[in-house]
Amino acid sequence: MAEELPGSPPEETLSLWKREQARLKARVVDRDTEAWQRDPAFSGLQRVGGVDVSFVKGDSVSACASLVVLSYPELKVVYEDCRMVSLTAPYVSGFLAFREVPFLVDAVRRLQEKDPHLMPQVLLVDGNGVLHHQGFGVACHLGILIDLPCIGVAKKLLQVDGLENNALHKEKIRLLRAGGDSFPLMGGSGTVLGMALKSHDHSTKPLYISVGHKISLEAAVRLTLVCCRFRVPEPVRQADIRSRDYIRRTLGVPGPPASGRERSQKAQRPKACPQWGSEEPAGLEITH
């Protein structure tokens, strides 16, 4: 059960969330469903999407939900949708999707209505998929609701099913020599929950890739890698950059223009101008 936190919903609501998670989890598809996923060069893939929810500094309610679509393989942004939203559901460990996914679903549906020819063929989500307490993180939840392939891309290891960020794990990271090197995240149950991926030659920290929906782990890792110009794959990176810029423009929040720099310390505070990898309130463990 998720740890009770200040502002947590009543037990009745948590019970509803648990039942909904279990119902939707039964629909997750963890294999390749599209021809392009099985092609070594992803032939047929033309549009890759990314989503992000960024918070206003010091405000755990006001946020910007963003969706971007990039051309593939060029990785040029061809569509963006940023919108300020007010989150009404509290953050509860393991139930992040109920707080944020509705706004991302809305963004995808707006795109479907406005520019269906720009609909992404896959979404990269800054958070976890089956690498999750209940085996159903935000990337799974979103994928089921929009019926699109989704990939979970997290920046920190979610310590579930016996996975620990211990000395052995850190030694495995140290042995990742070049971009593309990886190792499986084998849980205590004997299930491979994801892969730790060195996404760039110069990255010192791996990404934690897991299946969201309608894609295999192998294809998810390959696609994430080819979308990385920096440590974070470009669809997620651009969604983050643009959401933070939107907050600055809309609210007049001071700060430097967005740059190619990756965010740091997202786990310590809401994004000032967060993940899905790290958008939870200050001091909370990342448990998407």
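A residue counts as buried under 20% relative accessible area, as exposed over 50% and as partly exposed in between (1.4 Å probe, protein chains only). The model is predicted: local features need pLDDT of at least 70, side-chain atom pairs count only at pLDDT 80 or more, and totals for chains, interfaces and linings use all residues. Residues are numbered from 1 along each chain as its sequence is written, and side-chain values use heavy atoms, without hydrogens and water.

Tyr72 has 12% relative accessibility and is therefore buried. Phe42, at 3%, is also buried. Rings of Phe, Tyr and Trp (its six-membered ring) pair if their centres lie within 6.5 Å; planes under 30 degrees apart are stacked, over 60 edge-to-face, and the rest tilted. Five aromatic pairs are found in the whole structure. Phe42 and Tyr72 form an edge-to-face pair, because their ring planes stand at 80°, with the centres 6.4 Å apart. This pair links distant parts of the chain, 30 residues apart. Phe42 lies in the loop between α2 (35–38) and β1 (47–55), and Tyr72 in the loop between β2 (62–71) and β3 (77–86). Helices (H or I, at least four residues) and strands (E, at least two) are DSSP runs, numbered from the N terminus. One aromatic cluster comprises Trp17, Phe95 and Phe98.

Strand β8 (residues 207–213) is mostly covered, with seven of its seven residues buried. Strands pair if DSSP finds at least two bridges between them. Five bridges join β8 to β5 (residues 150–154) in the antiparallel sense. Tyr208 in β8 is the bridge partner of Ala154. Strand β7 (residues 192–197) also runs antiparallel to β8, over three bridges. Here Leu197 stands opposite Leu207.
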